[in-house]
Amino acid sequence: MTLSRVEKKERALDLFITGLLRDKEIAEIVCVSERAFRNWKKKYNWEGLREEKNQSKQIAIANMWKAIRAKTKDDDSCITNAKEIRMLSSTIAQHEKQLNDFSTIVQSAKLFFEWLKKENLEKAKEFNKLHLEFIISITKKQ
């Protein structure tokens with residue numbers, strides 16, 4: 001199945017945002033020239049999009065902490081806001097765990113890929129392809 005130019009661009013962006021591949025590798029995967037890929041990256045500010053994606057959960061966590069601090073400024077309101085603070089704290093913990101889990105997955109995969117590349121290049125390519133599909137699937141859910 002041949003992808004349209006728009007589909008290639010969308011897939012390239014998904015791969016770029018993961019941060020796992022070099023530009024040349026992404027261009028090869030989506031079957032475009034490296035120059036075309038770099039042009040998309042520059043024209044649509046993909047560096048900025050990747051940075052936003054990586055920071056969005058961290059910003060959400062920081063905003064939740066700000067909400068907790070705002071709720072606890074007035075000592076008299078602490079008791080009435082306890083339930084909301086508990087819910088915010090729980091949400092923060094969940095987000096922090098997701099960030100740590102995702103980071104661990106990516107780092108482990110990078111180390112495994114480097115080892116496998118030395119052992120069996122074809123299997124390393126296959127692993128890389130499957131892992132990228134996995135990363136894309138979980139990032140689209142978030």
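These legends describe several close-up views of one predicted protein model. Residues are numbered from 1 along each chain as its sequence is written, and side-chain values use heavy atoms, with hydrogens and water left out. Because the model is predicted, local features need pLDDT of at least 70 and side-chain atom pairs count only at pLDDT 80 or more, while totals for chains, interfaces and linings use all residues.

View 1. Helices (H or I, at least four residues) and strands (E, at least two) are DSSP runs, numbered from the N terminus. The order from the N terminus is α-α-α-α-α-α. The protein has 142 residues, and 30% of them count as buried. Buried means under 20% relative accessible area, exposed over 50%, and partly exposed in between (1.4 Å probe, protein chains only). The accessible surface comes to about 10100 Å². Carbon and sulfur atoms hold 54% of that surface. These areas come from the Shrake-Rupley method with a 1.4 Å probe; for residues, only the protein chains shown count as cover. Among contacts with a separation of 6 or more, 56% join residues 24 or more positions apart. A contact means heavy atoms within 4.5 Å.

**View 2. Helices H2 and H3 pack at an angle of about 110 degrees.** Their axes lie 8 Å apart. That makes H2 roughly perpendicular to H3. Axes are lines fitted to C-alpha atoms, for helices over the stretch in contact, and angles run from 0 to 180 degrees between N-to-C directions. Angles under 35 degrees count as roughly parallel, over 145 as roughly antiparallel, 65 to 115 as roughly perpendicular and the rest as oblique. From H2, Asp23, Lys24, Ile26 and Ala27 meet Glu34, Phe37, Arg38 and Lys41 of H3. The buried residues of H2 are Asp23, Glu25, Ile26, Ala27 and Val30. Their cover includes H1 and H3.

**View 3. Ring pairs link Phe16, Phe37, Trp40 and Trp46 into a cluster.** Rings of Phe, Tyr and Trp (its six-membered ring) pair if their centres lie within 6.5 Å; planes under 30 degrees apart count as stacked, over 60 as edge-to-face and the rest as tilted. The count by this rule is six aromatic pairs. One of them joins phenylalanine 16 and tryptophan 46: it is tilted, with 6.2 Å centre to centre and 40 degrees between the planes. Phenylalanine 16 lies in helix H1 (residues 5–18) and tryptophan 46 in helix H4, so this pair ties together parts 30 residues apart in sequence. Both phenylalanine 16 and tryptophan 46 are buried. Tryptophan 40 and tryptophan 46 have ring centres 6.2 Å apart and planes at 50 degrees, so this pair is tilted. Tryptophan 40 is buried too.

**View 4. Arginine 50 lies over the face of phenylalanine 16.** It sits at 3.9 Å from the ring centre. A charge sits over a ring if NZ of Lys or CZ of Arg is within 6 Å of the ring centre and within 35 degrees of the ring normal.

**View 5. Cysteine 31 has a positive phi although it is not a glycine.** The angle is about 60 degrees. Cysteine 31 follows H2. Its loop runs between helix H2 (23–30) and helix H3 (34–43). Cysteine 31 is exposed, with a relative accessible area of 58%.

**View 6. Asparagine 45 also has a positive phi and is a residue other than glycine.** Its phi is near 50 degrees. Asparagine 45 is in the loop between H3 and helix H4 (46–72). It is partly exposed, with a relative accessible area of 45%.
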